[in-house]
Amino acid sequence: MGRRLAARKGGAMPIRLALLDVDGTLRQGRQWNPGAVELIRLLHGAGAVVALCSGRGATSMRRITTDLPEVSYFASASGSAVWRRASAGWELVAHRPLPRAIIERAVCVAGELGLDLWAYTDEQWLITRHTPIIDRETWLVEDRATVADFHAAPRIGKMLFLGAGDRLDELKELVHSPETVLVQSGPHYADIVTREAFAAKGGDVVLAETGIGWGEVLAVGDSENDLGMLGSAAFAIVVGNHLDPARTPAPQGTMRLAVPDTQAALETVRGLLS
């Protein structure tokens, strides 16, 4: 079922909140992975609040949750914006904008290195120019990018270097700031968000909203930008092989597991709840 990293003794896990990453963990592009929807519904049926925590923009997150009323919260743009489901739709709960100096520095570095740079506000996915990969991404995430001047755009909470790949260390050095974190969010992507957003990928806002403590939280993710929530939760599942599970802290009284795919994560959670 998975590789056990640290064990928690006792019976069924007291899971009151589930923080679930989306791309890679639950979805591949436009499709839910086998077991993903069942995992969401299993957790909701067991009484847990379900929150999806993603690097996607808010428009994409609204679309994928349309047929999933079991999802009560989502964090978009890697935790820089957090939304609550309400009777009239989704309400913005929190937004964590990047410092203007970091935005300007990122634009400058992207130009120097010849990298494309995207930006996300609480509502929009912004680009500086249309490229073939924009058309592919638009189809995959069911969102539409807007061409904008990043120097003037307000409320940017996340910036993404496209094609970062093996230049991650160089980017970290060039865009270093005590207020922000640059992390790899995929094989070719690197995100810049505030340290506050990275710390739990928006999960801390959901905890504050619900009054639930980290001792009753399940987190499931697969990438470096999930490390904050994986390291804070009482129970964490690392899916796939993109993230070394040893990087996830395992304090006394917590449990860490590595599983190959979403279906295995579903079976693991089913066993924990029984």
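Which residue just after helix 7 takes a positive phi? That's Gly211, at about 75°. Helices here are DSSP runs of H or I with at least four residues, strands are E runs of at least two, and both are numbered from the N terminus. Helix 7 itself covers residues 203–210, and its buried residues are Gly203, Val205, Val206 and Leu207. (Buried is under 20% relative accessible area, exposed is over 50%, and partly exposed is in between, with a 1.4 Å probe and protein chains only.)

A quick note on the model: it's predicted, so local features need pLDDT of at least 70 and side-chain atom pairs count only at pLDDT 80 or more, while totals for chains, interfaces and linings use all residues. Residues are numbered from 1 along each chain as its sequence is written, and side-chain values use heavy atoms, leaving out hydrogens and water.

The protein splits into domain 1 (17–95 + 198–273) and domain 2 (100–196), with bounds from an automatic or database domain assignment. Their C-alpha centres lie 23 Å apart. The contact (heavy atoms within 4.5 Å) takes 26 residues from domain 1 and 23 residues from domain 2.

Both domains give residues to the lining of the largest pocket, so the pocket lies between them. Its volume is about 900 Å³. For the grid-minded: a pocket is an open set of points on a 1 Å grid over the protein atoms alone, where a 1.4 Å probe fits, with protein on both sides within 12 Å along at least five of seven lines; lining residues have an atom within 4 Å of a point. Of the 38 lining residues, Asp23, Ser185, Gly186, Pro187 and Tyr189 are the closest to the centre. Helix 4 gives the most, with 5 residues. By type, the lining divides into 11 nonpolar, 14 polar and 13 charged, with Asp, Glu, Lys and Arg as charged, Ala, Val, Leu, Ile, Met, Phe, Trp, Tyr, Cys and Pro as nonpolar, and the others, Gly among them, as polar.

## Packing inside

The largest nonpolar core has 35 residues, and Leu20 and Ile40 are among those with the most contacts inside it. A core here means buried Ala, Val, Leu, Ile, Met, Phe, Trp, Tyr and Cys residues joined through side-chain atoms within 4.5 Å. Leaving aside residues up to four places away in sequence, Leu20 touches several residues, including Ile40, Leu43, Leu52 and Met229.

## Ser72

Ser72 sits in strand 6 (residues 71–76) and is partly exposed, at 25% relative accessible area.

Key
Points joined across faces, edges and corners; volume = space filled by probe spheres on them.
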